[in-house]
Amino acid sequence: MKLLQKNSLSFILVVVALLLMLLPTLSMAAEGVLPAVTVTDNPDGSKTYSATLQILFLMTILSLLPAALIMMTSFTRIIIVLAVLRHAIGLAQSPSNQILIGLALFLTLFVMAPVFEKVNEMAVQPYLADEMNLQDAVVAGSAPFREFMLNQTRDNDLEVFAKISGTEHIASREEIPFTLLLPSFVTSELKTAFQIGFMIFLPFLIIDLVVASVLMAMGMMMLSPMMISLPFKLMLFVLVDGWVLIMGTLASSFYM
């Protein structure tokens, strides 16, 4: 209950702050100095939005960035594999959640660097140079993300969600709607992450079984097998240079 009240209070404070930020713009619009909402039709059929609407669109996009980082990039697969790795070793709090999220974030930036470069060349720079309006920049910037997501998405997942949504007769992969591509991509990422996690878990599980069998044969029933197997699992992980293998495998598992 206290958490709900705290979240409600935070939401109200954010709304009030946004209203205070918009008051000067609204007053200027009322005086005729700055048009608040203006949509201009261009000769080529496109539309140009006023600066106020463009700022509103930009703030909306920024508010969706955390969800986009998790759902539209390689972050989901990486953080799940790292969490499974920590659980397989048997360490409850080491590395901490902050370290795992930091590793996943920077590895995501490494994997997604080619996509970000394409977005910068195709959308950001032309928009900053006034060679493209906001709507065209958004469409052009989404193309590299669509290509990346399509390369990681299984056809079976696309077919399942297409059947659920009633979408039929998709001529090419480029015509797949984004509302269909996003859940298919997330489902494929979860499946791939658990497959990699299963392969990582096996050697540590074998060590646990061997240690448990040895302790049982020696009659040490009261001694925890996890306490004995943890040093062996850490030694195995260090000897095979586990972090390099994990990071390299994750980075190379994405088809660009």
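Trainee: Okay. What kind of model is this?
Mentor: It's a predicted model. The protein chain averages a pLDDT of 76, and 76% of the residues score at least 70.

Trainee: Good to know. How many helices and strands are there?
Mentor: The protein chain has 10 helices and 2 strands. Along the sequence they run α-β-β-α-α-α-α-α-α-α-α-α.

Trainee: And how much of the protein chain is buried?
Mentor: 29% of its 256 residues count as buried. On contacts, take the ones between residues at least 6 apart in sequence: 64% of those join residues at least 24 apart.

Trainee: Switching to rings. How many aromatic pairs are there?
Mentor: The count comes to 5 aromatic pairs. One of them is F148 with F254: their ring centres are 6.1 Å apart and the planes sit at 25°, so the pair is stacked.

Trainee: Why does 25° make that one stacked?
Mentor: Because planes under 30 degrees apart count as stacked, and the planes of F148 and F254 are at 25°.

Trainee: Where do those two sit in the chain?
Mentor: F148 is in helix 6, residues 134-152, while F254 is in the segment after helix 10. They're 106 residues apart, and the pair links distant parts of the chain.

Trainee: Is F148 buried or exposed? And what about F254, buried or exposed?
Mentor: F148 is buried, with a relative accessible area of 2%. F254 is buried too, at 6%.

Trainee: Which residues do ring pairs link into a cluster?
Mentor: F148, F185 and F254. There's also a charged neighbour: R77 lies over the face of F254, 3.9 Å from the ring centre.

Trainee: Tell me about F185, then. Where does it lie?
Mentor: F185 lies in helix 8. Its relative accessibility is 1%, so F185 counts as buried.

Trainee: What does F185 touch?
Mentor: Leaving out residues up to four places away in sequence, F185 touches M71, M72, T73, F148, M149, Q152 and T153. As for D155, it is 30 residues from F185 in sequence, and their C-alpha atoms are 10.0 Å apart in space.

Trainee: Back to helix 6. What does its span look like?
Mentor: The 19 residues of helix 6 should span 27 Å at 1.5 Å a residue, and the end C-alpha atoms are 28 Å apart, which agrees.

Trainee: Where does helix 6 bend?
Mentor: At A143, by about 25°, and a proline, P144, follows within four residues. P144 is one of the buried residues of helix 6, which also include L134, G141, F145, R146 and M149.

Trainee: New topic: helix 9. How many residues does it have?
Mentor: Helix 9 has 15, residues 225-239, and reaches 21 Å from its first C-alpha to its last, close to the 21 Å expected. Its buried residues are S229, K233 and F237.

Trainee: What covers the buried residues of helix 9?
Mentor: The cover includes helix 4 (75-89), helix 8 (178-217) and helix 10 (242-252).

Trainee: Is F237 buried or exposed?
Mentor: Buried, as the relative accessible area of F237 is 9%. W243, on the other hand, is partly exposed at 34%.

Trainee: Why point out the phi?
Mentor: Because most residues other than glycine have a negative phi. D241 has a positive one although it is not a glycine.

Notes
Residues are numbered from 1 along each chain as its sequence is written. This is a predicted model: local features need pLDDT of at least 70, side-chain atom pairs count only at pLDDT 80 or more; totals for chains, interfaces and linings use all residues. Side-chain values use heavy atoms; hydrogens and water are left out. The expected span of a helix is 1.5 Å times one less than its number of residues. Buried means under 20% relative accessible area, exposed over 50%, partly exposed in between (1.4 Å probe, protein chains only). Contact means heavy atoms within 4.5 Å. Rings of Phe, Tyr and Trp (its six-membered ring) pair if their centres lie within 6.5 Å; planes under 30 degrees apart count as stacked, over 60 as edge-to-face and the rest as tilted. A charge sits over a ring if NZ of Lys or CZ of Arg is within 6 Å of the ring centre and within 35 degrees of the ring normal. The bend at a residue is the angle between axes fitted to the seven residues ending there and the seven starting there. pLDDT is the predictor's confidence in each residue, from 0 to 100.
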